[in-house]
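Let us walk through this structure together, one interface at a time. Please keep the viewer open as you read.

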4 protein chains.
Amino acid sequence: MGGTMDVTKQHRRGNTRQRIQDVALGLFAEQGYEKTSLREIAEHLDVTKAALYYHFKTKEEILVSIFDDLTQPILDLIEWGRKQPHTLETKQEIVRRYSETLAGAAPLFRFMQENQAAVRELRVGETFKERMQGLREIIIDPDADLTDQVRCVSAIFTMHAGMFFLQDITADPEAKRKAVLEVATDLVTQAHRGSANA
Amino acid sequence: MGGTMDVTKQHRRGNTRQRIQDVALGLFAEQGYEKTSLREIAEHLDVTKAALYYHFKTKEEILVSIFDDLTQPILDLIEWGRKQPHTLETKQEIVRRYSETLAGAAPLFRFMQENQAAVRELRVGETFKERMQGLREIIIDPDADLTDQVRCVSAIFTMHAGMFFLQDITADPEAKRKAVLEVATDLVTQAHRGSANA
Amino acid sequence: MGGTMDVTKQHRRGNTRQRIQDVALGLFAEQGYEKTSLREIAEHLDVTKAALYYHFKTKEEILVSIFDDLTQPILDLIEWGRKQPHTLETKQEIVRRYSETLAGAAPLFRFMQENQAAVRELRVGETFKERMQGLREIIIDPDADLTDQVRCVSAIFTMHAGMFFLQDITADPEAKRKAVLEVATDLVTQAHRGSANA
Amino acid sequence: MGGTMDVTKQHRRGNTRQRIQDVALGLFAEQGYEKTSLREIAEHLDVTKAALYYHFKTKEEILVSIFDDLTQPILDLIEWGRKQPHTLETKQEIVRRYSETLAGAAPLFRFMQENQAAVRELRVGETFKERMQGLREIIIDPDADLTDQVRCVSAIFTMHAGMFFLQDITADPEAKRKAVLEVATDLVTQAHRGSANA
DNA sequence: GATGAATGAGGCTTCATTCAT
DNA sequence: TATGAATGAAGCCTCATTCAT
């Protein structure tokens, strides 16, 4: 085997871990977590399944590592948000930056969105839920009336789902993101005004 | 065999098919489609796996049958909507009735929402997509600007996700539904006004 | 169900047993014994599987009944042959009549030919073997040299296989049968002459 | 697990694939293709079913690999035959070498002979048919009269079936093969003479 | 840093058969 | 004369995982 190894294979030196993550995320997003087997990932990389186990202890750990790498910005965003006053400007800034973060890791969020059931019993499911909870605490005023709370929740997953549910609408992706951002900002703003008057 | 069968099991009348659907939907919604095995469904019903195959040709067909039974109202709604003028009132009525339909088949829609990846390659996935497309055509004005189109899409899945994403907010379910409906109606209304002025 | 039964079904009265045999033989010959399920047979007849069990005790018994019905002529032929002197004329007559019998129940013999493995452990397998043995005892002279014995065996299954192995050769079926018969007769004749001189 | 594994099982070198083929062919020939389950093959080898799947993608592929390995000589023979003049000597030589090939892979040919129905829808079935066709084209003169064509076909499967149909005749196997070869050669010779005079 | 070989669990599905009605 | 409903056994196959090398 070693003898027949072609040049492209030798060149990729120590980046196998990264390549596994890339391929895995691609397949997870495309086919779902359960439907994607380690065999499939290995074949795409032209390695054996056992090689995956050199780099990751389990299938779940592959996902965890991807998740941890790509959602760090959200953690930072929440931490930053917690330290700000709960003004309208803060909320709008959170929404703006969240939108950017999502755009930067679209396949992962698409995956999380479309595999909620599969992910629920995985560590990433729990973690993701906690982060969403953190986000809400910053954006939602617990004393606001129910409708305004719904507006905030709606704002968040308008951003989540926006990217994928809008596939049929033909428009420049960045233009779509801007439109989504505008709607989300509107929702948060309305919610804020509502509770300010209450 | 027959001798050890207890009395409750005999004369189960003709309701096994329905019971399979009920149990299956419960498990599909709770654990996801892939994670729910036919063995599990059969055990919950105290029947053998083979009995399931008397009533349904495949696992997928169980899902299809549930889907077809529970989404008939949406089909009716779309058909009705197509024949109405595209006024604001029509759109609001559609949203109102859609909200009711969703509430009437919450577990199924939760399932569809949380298993998009798993469902994508199933017949129900395709069918569901088509129906969503139908809904949009009624609510969205294709000449409206992008932001207003996003508002309409957001309205639809604010209703979809509303029920599940709001679990942490403690409030009467019907009150939540009303709040969600209000936000959705608002979004559609804003969108309509926007494109009316354009 | 009874209420929706269409007219064609009512007309076929008491011939179900025969129809089962016909359909079963067709499918057995076409697909093989193991590959043909009772479900399939029932569907072709537009009856339920259980109905088959009203007429036959087991799957094997369907085959047995077909076999017994269609191979009676061979039994008669062997019985007749045993009472004749072992002359060349007798042998030639046996071959001639055997060829006719085969032509009259081609699907069954095709089936027996192509499903020897499946049939080996069935009652018909054993029975068929015994009959073949009976045929040989009439045609083969046990004192003949090995080559002449082979000629006789070859004559018999030249006839057996002739019908199916000759499919690619385009010619009138009856013409083919005549040709096969001629070759078989030749073989038996040569064998007889050989042992006569020995 | 590893702890209870006995010594003979460790270091089974690289021969598992070959052992699977051997056991499988034995069982296929003895019981038929459909009647032989992978469980059975695995048990004979004291391995798990899953181990079979490490070496072969499907049950059918086990058969294909056996077939390909053992019928290579026939391929060679046909190729050789095509390049020779269609003289009597060539035909006789083909028959002689074919007889040897059959003797060298008797269980496979017995299997093919007795499982025609099962094999018809498998890749090997198609392949085998093509090879037989190739053989005929060399041996049969398409302008010969039907009887002589039948003689050639008869020659071929006199050799095929010879080995198994002759089980009841007690004689040295090699002696039987010689006898079969003689009959087959005779048939081909007669056919050749016939068409030469035509 | 990775492979080859294997495992145990479990997946979906099909089959011949039974039996009360 | 047949159906409806169900069973138990078994089929092929796939999966995540392990471990010696």
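D:Arg120 and C:Glu114 form a salt bridge, with their closest N and O atoms 2.9 Å apart. The term salt bridge here means a side-chain nitrogen of Lys or Arg within 4 Å of a carboxyl oxygen of Asp or Glu. Between chain D and chain C the count is six salt bridges. This is a predicted model, in which local features need pLDDT of at least 70 and side-chain atom pairs count only at pLDDT 80 or more, while totals for chains, interfaces and linings use all residues; side-chain values use heavy atoms, with hydrogens and water left out. Residues are numbered from 1 along each chain as its sequence is written, and chains are lettered from A and ligands numbered from 1 in the order in which they are written.

Polar contacts come next: a pair of N or O atoms within 3.5 Å, where within protein one must be able to donate a hydrogen and the other to accept it, and residues adjacent in sequence count only if both atoms are side-chain atoms. By that rule, 19 residue pairs are in polar contact across the interface of chain D and chain C, both residues being at pLDDT 80 or more. On the side of chain D that touches chain C, at least two residues each come from helix H1 (16–31), helix H6 (106–114), helix H7 (116–120), helix H8 (123–139), helix H9 (146–165) and helix H10 (173–197) of chain D. H9(D) gives the most, with twelve residues. Helices are DSSP runs of H or I with at least four residues, strands are runs of E with at least two, and both are numbered from the N terminus.

How much area do chain D and chain C bury between them? It is about 3,700 Å², 58% of it on carbon and sulfur atoms. Buried area is the accessible area (1.4 Å probe) that two parts lose on being put together, summed over both. In this pair, 41 residues of chain D are in contact (heavy atoms within 4.5 Å) with 41 residues of chain C.

Now turn to chain A and chain B. Here, 41 residues of chain A are in contact with 41 residues of chain B, and the area buried is about 3,700 Å², with carbon and sulfur atoms giving 58%. The count of salt bridges between chain A and chain B is six. One salt bridge joins the side chains of B:Glu121 and A:Lys35, at 2.8 Å from N to O.

How do these two copies sit relative to each other?

Finally, look at chain A by itself. Its secondary structure comes to eleven helices and zero strands, and its C-alpha trace spans about 75 × 35 × 30 Å along the principal axes. The mean pLDDT (the predictor's confidence in each residue, from 0 to 100) of chain A is 91, and 92% of its residues reach 70 or more.
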